[in-house]
Amino acid sequence: MKIVVDFDLCESNAVCMQIAPDVFEVRDDDFLYLLNENPDESDRERMEECAQRCPKQAILIED
Amino acid sequence: MAAQSIHIVGASLAGVRAAEALRRREFDGRIVLIGDEPHRPYDRPPLSKQVLAGDWDADRIELTKPEKFAALDLELRLGVRATGFDLATRTLSTSDGDDIVDAMVIATGARCRTLPGTDDMAGVHVLRTLDHTLALRAELDAGPSRVAVVGAGFIGAEVAATCRGRGLDVTMIDPMPTPLGRVLGEEIGSLMADVHLEHGVDLRTGVGVDRLEAEGGHVTRVVLSDGAVVEADVVVIGIGVIPNTEWLEGSGLTIDNGVVCDATMLAAPGITAAGDVARWPNGRFDEVMRIEHWDNAIEQGVHAAERLLVDDADALPFEPVPWFWSDQYDRKLQMAGRIGPADDIHLATGSFEERRFAQLHGRDGRLVGVLGLNRPRHVMQYKTMIQNGASFEDAVAAEI
């Protein structure tokens with residue numbers, strides 16, 4: 001599984017960080033950093049929750 | 001007994017997320033998704049922003065990609081309106097005929113309030129649906145001399161910001177002393193008033209609307225309660241919503257400002273509700289709520305769907321920390337939890353002067369809310385603390 005963030009859409013709402021702080025981090029500069037682009041397949045449901053609950057729909061999961 | 005077939009009434013965010021949750025939980029029965037709009041399910045937040053601005057077209061806002069949506073294997077009935085329900089016989093009536101339902105998720109949302117006598121007046125708009133937005137956008141494209149926004153709540157404030165972004169003259173009118181003050185408190189409301197004034201909005205607060213006047217069927221003026229007149233050829237009304245429950249009157253379900261549910265989102269055996277239409281006791285805040293936020297529609301839609309797949313004994317209460325955001329100009333407002341005028345308050349980071357801050361709200365020693373402007377990371381981290389039941393003292397002391 002590959003996580004792709006569309007940084008043109010991302011506005012650092014940090015919802016993904018609340019759900020999966022080990023994968024997504026919004027830092028003090030207010031930008032989102034992707035800590036792990038390839039989470040384990042067993043983590044799919046949590047990654048889908050991040051994608052669904054992103055207010056800007058900026059997270060894509062590429063299979 | 002587990003449901004064999006599930007009707008989801010309402011094909012917007014809560015309904016679609018409910019359908020997806022059912023398949024994710026490996027429900028392989030029949031799912032009927034009924035929606036009264038003709039469009040494929042779409043996401044509403046961009047309507048008042050990118051779509052109204054003209055930056056995005058309708059195809060950018062679909063809720064689920066076509067191939068994923070098709071894989072849900074739904075019996076999709078778009079352009080179909082629910083007209084009645086009878087709990088005793090479990091008969092669902094729609095504009096397309098009657099159906100007997102085994103289990104059902106009610107997700108019919110809400111609709112905009114309007115001003116009496118303006119329904120047939122050209123140039124007068126509300127904003128809730130894609131069709132509303134495209135109709136308003138077409139009028140903005142034509143270059144109106146002035147847009148009057150009635151109501152300085154979230155929709156009104158976002159529409160005003162978008163119209164200013166398009167270079168249009170805007171007057172925003174609200175009977176409260178500050179925009180959003182009812183929700184955010186007067187101090188932050190006053191800060192948001194300054195933001196709108198600096199962006200050139202002609203802001204009229206503390207004054208109501210007496211009537212709209214038209215010439216040749218098209219609106220020309222807004223007459224305010226103090227007698228002032230605002231000349232405007234486009235009027236947008238953003239004065240709140242009404243839950244869509246009329247079709248359930250006499251159904252046997254309890255209706256009281258929404259579909260009344262128990263703590264697990266169950267309205268009756270095998271019937272749940274979710275989204276703007278649902279009212280339930282949120283045990284986390286010891287409060288009966290009906291929440292109109294985007295994020296709630298997702299979480300509640302999922303919960304209401306999963307509730308239909310478990311026995312009563314295994315059902316979990318729905319106890320979220322409500323959260324919303326609003327984008328106006330370059331300011332991002334976020335709030336999590338429940339805030340009130342009597343709360344203890346602590347400014348955790350930033351300042352009102354720089355318009356970048358996170359403010360904590362405490363009640364009875366507990367952290368109950370966080371309100372942020374351009375501080376999304378802080379809001380989310382304090383939201384986690386609210387979820388974890390943190391004390392106000394611990395939140396104030398936390399290094400975030």
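In which sense do S1(B) and strand S2 (residues 30–35) of chain B pair, and over how many bridges? The first legend answers this; every view shows a predicted model.

**View 1. Strands S1 and S2 of chain B lie paired.** The two strands run in the parallel sense, and five bridges link them. One of the residues to look for is Ile8(B), whose bridge partner in S2(B) is Leu33(B). S1(B) covers residues 5–9 and is mostly covered itself: four of its five residues are buried.

**View 2. The largest nonpolar core has 124 residues.** In soluble globular proteins, nonpolar side chains tend to be buried together.

**View 3. Val235(B) sits among contacts from other parts of the chain B sequence.** Residues up to four places away in sequence are left out of this view's count. Val235(B) then touches Gly123(B), Val124(B) and His125(B), among others. Its contacts also include Ala148(B) and Val150(B). Leu212(B), Val219(B) and Val222(B) are on the list too.

**View 4. Three strands of chain B form an open sheet.** The order is S18-S21-S22, and the pairing is mixed. Strand S18 (259–260) and strand S22 (287–289) stand at the edges; each has a single partner strand, so one side of each is left without a neighbour in the sheet. S18(B) pairs with S21 (residues 278–282) in the parallel sense, over two bridges. Val259(B) has Ala278(B) in S21(B) as its bridge partner.

**View 5. Helix H8 of chain B is mostly covered.** Of its 14 residues, 13 are buried. From first C-alpha to last, H8(B) reaches 20 Å. That is close to the 20 Å expected at 1.5 Å a residue.

**View 6. Chain B meets chain A.** Chain B brings 13 residues to the contact, and chain A brings 12 residues. On the chain B side, helix H8 (294–307) and helix H9 (376–387) are the elements that give two or more residues. H9(B) supplies the largest share, five residues. By class, this side of chain B has six nonpolar, one polar and six charged residues.

**View 7. Chain B is divided into three domains.** Domain 1 is written in two stretches, 5–111 and 242–314. Domain 2 spans 114–239, and domain 3 spans 330–397. The centres of domain 1 and domain 3 of chain B, taken over C-alpha atoms, are separated by 31 Å.

Conventions:
Residues numbered from 1 in each chain as written. Chains lettered and ligands numbered in written order. Predicted model: local features only at pLDDT ≥ 70, side-chain atom pairs only at ≥ 80, totals over all residues. Contact = placed C-beta atoms within 7 Å. Nonpolar A, V, L, I, M, F, W, Y, C, P; charged D, E, K, R; others polar. Core = buried A, V, L, I, M, F, W, Y, C linked by C-beta atoms within 7 Å. Buried ≥ 20, exposed ≤ 12 C-beta atoms within 10 Å, placed from the backbone. Expected span 1.5 Å × (residues − 1). Domains from an automatic or database assignment. Pairing = 2+ DSSP bridges.
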